[in-house]
Amino acid sequence: MHVLVVEDHPRLAEAVATGLRDEAMTVTVAADGAAGLAGAAAADVVVLDLGLPDLDGVDVIHRLRARRVFVPILVLTARDAVAARVAALDAGADDYLVKPFVFAELVARLRALARRADGPRWSLRADEGLNLDDDLTLRVGDVRIVLSPREHALLGFLWRRRDAVVSKPEVLREVFGYAFDPGTNVIEVHLAHLRKKLDGTPVVIDTVRGAGLRLRVEGP
């Protein structure tokens, strides 16, 4: 799991990052809202402080959701008022934890968010006329496209990293279960079949030479 920690207090950010790395998570730290906005699309889960030096955390959430970045967000803040919780959750946050906190609870909540992110809620947005269902189908408006299990997993993974470049090792690990390069064209074979099925839809998967894959959705 790749966690982005958006926290402007260096000692707390490092403590959280170190603890999460000890839990076998990959961690990136951003010290302000601008860096958080830039890095959120490449993360599986975001841990977000509200009291940032350049942007309020609630504003960061609003901007991410307006950009259709649907990564799960856990707010980690000293603001314990009910109004602050309501504002963050209404803006699009998925969970809210008040400082001081128990680290084990933070880890448990992040894992729960990551499990939820595997479901259709974070796959394709219904308000775009796109739905990736658990029964291995992609619905584009009234059109129903049947996917293989690997195509379904590949599309869902790339969608959760939408607009970010995802490397081949990440795809091999997260979609196909390989911790190493098997030396085959397994990605290319499934990608070719998936692209053929996506032809005519607004969903496009680009190959970024030397970097990996990027999923984007074309406008009307």
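Reply: First, a word on the term: a nonpolar core is a set of buried Ala, Val, Leu, Ile, Met, Phe, Trp, Tyr and Cys residues joined through side-chain atoms within 4.5 Å. Keep in mind that what you're looking at is a predicted model.

The largest nonpolar core here has 27 residues, and the ones that touch the most other members are Val46, Leu48, Ile61 and Val75. Where do its residues come from? At least two each are supplied by β1 (2-6), β3 (45-48), α3 (57-66), β4 (73-77), α4 (82-91) and β5. Of these, α3 gives the largest share, with four residues.

Now zoom in on Ile61. Leaving out residues up to four places away in sequence, Ile61 touches Leu48, Ile73, Val75, Ala88, Ala91, Gly92 and Ala93. There's also a second, separate core of 26 residues, and among its members are Leu130, Val140, Phe157 and Phe176.

While you're here, two loops deserve a glance. The one between β5 (95-98) and α5 (103-117) holds Pro100, and the peptide bond joining Lys99 to Pro100 is cis, with omega at about -10°. The other loop runs between α1 (10-22) and β2 (26-30), and that's where you'll find Ala24. Ala24 isn't a glycine, yet its phi is positive, near 70°. Is Ala24 buried or exposed? Ala24 counts as exposed because its relative accessibility is 67%, and the cut-off for exposed is over 50%. For background, most residues other than glycine have a negative phi, and most peptide bonds are trans.

Definitions and conventions
Residues numbered from 1 in each chain as written. Predicted model: local features only at pLDDT ≥ 70, side-chain atom pairs only at ≥ 80, totals over all residues. Heavy atoms only, no water. Buried < 20%, exposed > 50% of the residue type's maximum accessible area, 1.4 Å probe, protein only. Contact = heavy atoms within 4.5 Å.
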